[in-house]
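Please look at the structure below and work through the questions that follow.

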Amino acid sequence: MRPISNISTRISLILSIVWIGTLTAAFSQEGIPFFRNFTADEYRAHNRNFDVVCDSSGIVYFANFEGIIYYNGAEWHKILTPGISRITRLYIDANNRIWAGGHNYIGRIESGNNGTPQLRSYISDQENNERTVRIGEVSDIQENSGALLFSTPNFRITIQGDSITALQSVEAPEAEKISRQSLRLSDRWSIAIHGTDGLILTNSENDRPLTINDSNGLCSNMINRIATDHKGTVWAATDNGVFAMYMPAFYSRFTSHEGLKGEVTALYRHNRELYAGTLHGLFRYDTLHTRFEPFPLITQSCWQLQESPAGDLYAVTSNGLFRIEGKQAKAINYNNTFSLTFDPSDPQTLYTGEIDGIYQIKGGKKTKIAEIEKAMKLIFSANRLWVETLYGELYRFNESLASSQLMDSIQGLKAVGGNKLYLIGEEIHALSRYGFQKWAVSQQRFEPPVNLPEALAPVENWWPGLYASTPSGQEGWVIGGDGKNPVVFQNGQIDWKKSELLSPIKNYVIRTLYLENGQIAWIGGDFGLIKFDLGQADASFRQKPEVHIRSIRLGNDSIYLDSPNQDLKAITTLPEPRFGSSIKNFTFSFSSEANGIISPVRYAYYLQGYETSWSPWQTLPRREYTNLSYGTYTFRVKALDAFGRESDETNFSFTILKPFYLKWYSLLAYLAALVLLILLFFKWRTRKLRQEKMRLETIVEQRTKQIREQRDEIAEKSQKLEIALKDLREAQDQLIRQEKVTTVAKLTQGLIDRILNPLNYIINFSHLSTVLLKDMKEDIEDEEENITEDNYEDMQDILQMLHTHLSKIEEHGNSTSRILKAMEEMLSNHSCHFSETDINKLAESNLNILKEYYQKEIQTSAIRITFKALDKPQIMEVDQLQLGKALMSMMLNSIHALQKKKAKGDYPAQMEIRLERQAEQVSIHLRDNGIGIEESILDKIFDPFFTTKTTSEAAGVGLYLSREIILSHNGSIQVKSEKDEYTEFILSLPIHQSLKSSNDE
């Protein structure tokens, strides 16, 4: 091949005559044709099929155990016999009609009322008429001078025209137990079936046939019938589904079914034998058994197959370096090796790239020459060793191999990593995402990248990644950097004709290439191995692709089918249909008979009158339109086959009629209705005005009466407002008083804080002084002998007076402190925080606390305490802390009253706490039989600082605070008492708080 820099965008007009020559017979049968199996789940019928025929439009019909199934390239369909019996034979007559014969059945496919194919029965054991004849199973259908002859084991039936003309009994021949059939596909290829042998391919240039069976992946070895559409597809009916085979074709393949395991990474033909290296080892193609056989010693990745100048083949693998001699592999070493090259000046010297560096092997001695790791390719050019690493780095050694240099931008290389190194002709080239760069020996640097041909611009993100050439160098292939979109060059120019032939595999990720002189190329990757052979006559490539609209559905009802059979409606022969306005949903199904086994056929469509442009190419063979409005439309569709060739478009025009409510007579009716409505409106409006006048007069009279009533009502409300205003003034005065009290409280609170501090000092120092006086008295008593009697007595009197004075100061100071703290408690915030509480448990727990802390007083006074709770738990909204404080204070008052009366004389002291439920309230009764309360002071006991106790006993705010807590609970407190008899406090509390404290709000 000429240097890459000479690439031009000129396209070759014609292939060389040498390009379409023949291969040698030895290699003509290498490869298994591409095929695809269809299972019973896909075509939704029985897995057993007996016969197959293909019509001229690419529709294929199968005789199935459940009837007839057919595939139009887009969808599978099924035609059932009257008894859902099996069909065993199919035949297309000279008039392109499809006949079917089966078990006690003969019929013909024709179009139903809605265009759907159905069977017209001529003989059926399911119909009770003169055609009911048990003829057995149809084994053959032939045509002779316009008459159709149906053969069964016991009958021979003749159908002439459209009626049965003869029904003859014949002697049953011996049944044929083995299916036999052969088809000639081309001048070179023929195909045959014979019993359970699978499919037999025969090439006229080679005496050895090729057998394809279930070991190659076919759905079944029992092939009952085969047929060809003469457009590149062979169809077969088997006992376990059906399959389609691409034959004859440029392409064939090898997969794991043929023994080739793993992704193909290296290819080479040596001494007329083909070797393939994969990630699972090295394999040799056995032409006798049409399989790849593995080399037992090589089970890991084979990276490279290289032929030495002496003609020996070497395999570079993860198992080591091996020399291949026919079916044997002899190990040179067992080190993980990635690459190999030979010294051009000394063919016996080898250089290998291994995981930890580059080594020289000479005379059995191995020497490490560089620390370059993972060298994936080694090339000698102009006596210089070049290296490509796993990361795409390029190195160049000096002539003595003593040192190497990393190629980078200083040497003109656009990228340090991601490069591919190739020797094209005698020149070094680097391929990267920037294009082709050639090493200029004279300048000792890489030339700027060659611009890619403009014709490659439509291929998105295409850049050269993989290169291979024929041994002659005249032809080279370049694969894109993503492993796709191969491009062929002939003598430095893009060969667009041959590149087009590679379109079926443009989306395959190609890992390796091997080109042979002539027309054969080997392509490897994770898909296995593909053979591309231009020496084969590709039936699909010879045919220009066509596209057919297979069906048109209105909603779910299929009314048009495209088929060349005269009994089926062909949409191209029908007049342009006109649909009613209620028909708005259309589904178009379309397909092409172009072969899509290697690469699917793609379609573009365009509904003129609804869409503005063609759709992108896609593989889905149907398009649905919904809610189309009235108008004229043309559905246009075209196909793109695997070779990238575009078909002529097929179109279907139709019209959706206007709805009746938009037609001229409907519009005229609308106008007349409008005029009538206007007249009726004026008449209605006049009557409404009269009614409105009468209504207004009635309203005026009613409004006058209402005004009089409202005047009287206003006068009455005015009096009520005066009373409310008076109440408002009183409330205002009360708020002012409360505000003054609040202000005084704030002022008093400040004064209390300022008084308490010095008062605490007075109390503390008076107490300390009393202790000091005691010490002083003890000291004086110790010195009594040294003091005169008069002085000693005077001192004792003075000390006693001081002790009395200090005790009084301390006592009254504590009383004052208690009063101030009571004032502080009284002025503090007593807002409540309500929570749901069991009132029984709250009262009982506070009583238990009282018993525990005043156990001595209760026992000394022999006080009998009784507690009567509610019959069942009662949950109330209360502030547990505040309400408990009030209960505790009032129970202490009862203990004090009982103790005072007990001091006057012995009597049975009793205290009772009782809870009662009354509607939505709970009452707590606190009763004792103590000293009672005089009636004269009964109305003063809740005043602050009022108390019947001494100043040292209490401050007089307990009952006041208790009442405030009860009022904060939206409750009430009552007191009943008789002097020296009893005292009873009744606390009434609501179960649910309707009024919340300001904090809760």
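Q: Is R695 buried, partly exposed or exposed in this predicted model?
A: The relative accessible area of R695 is 41%. Buried means under 20% and exposed means over 50%, with partly exposed in between. Because 41% falls between these limits, R695 is partly exposed.

Q: How many salt bridges does the structure hold?
A: One of them is between the side chains of E66 and K78, at 3.1 Å from N to O. E66 lies in the loop between β3 and β4 and K78 lies in strand β5, so the pair ties together parts that are 12 residues apart in sequence. E66 is partly exposed at 24%, and K78 is partly exposed at 38%. The structure's total is 41.

Q: How far apart are the closest N and O atoms of E611 and R623?
A: E611 is buried, with a relative accessible area of 19%, whereas R623 is partly exposed at 22%. E611 forms a salt bridge with R623, and a salt bridge needs the nitrogen within 4 Å of the oxygen. The closest N and O atoms are 3.2 Å apart.

Q: Is K683 buried or exposed?
A: K683 lies in helix α4, which covers residues 664–782. Together with R685, R687 and K688, K683 gathers in a patch of positive charge on the surface. Its relative accessible area is 66%, and over 50% counts as exposed, so K683 is exposed.

Q: What distance separates the C-alpha atoms of F342 and E307?
A: F342 lies in strand β30 and is buried, with a relative accessible area of 8%. Leaving out residues up to four places away in sequence, F342 touches several residues, including E307, Y314, L350 and F380. F342 and E307 are 35 residues apart along the chain, and their C-alpha atoms are separated by 9.3 Å.

Notes
Residues numbered from 1 in each chain as written. Predicted model: local features only at pLDDT ≥ 70, side-chain atom pairs only at ≥ 80, totals over all residues. Heavy atoms only, no water. Patch = residues over 30% accessible without salt bridge, like charges linked within 9 Å, V, L, I, M, F, W, Y side chains within 5 Å. Areas by Shrake-Rupley, 256 points an atom, 1.4 Å probe, with all protein chains shown as cover. Lys, Arg positive; Asp, Glu negative; His and termini not counted. Charge placed at Lys NZ, Arg CZ, Asp CG, Glu CD. Helix = DSSP H or I, 4+ residues; strand = E, 2+ residues; numbered from the N terminus. Buried < 20%, exposed > 50% of the residue type's maximum accessible area, 1.4 Å probe, protein only. Contact = heavy atoms within 4.5 Å.
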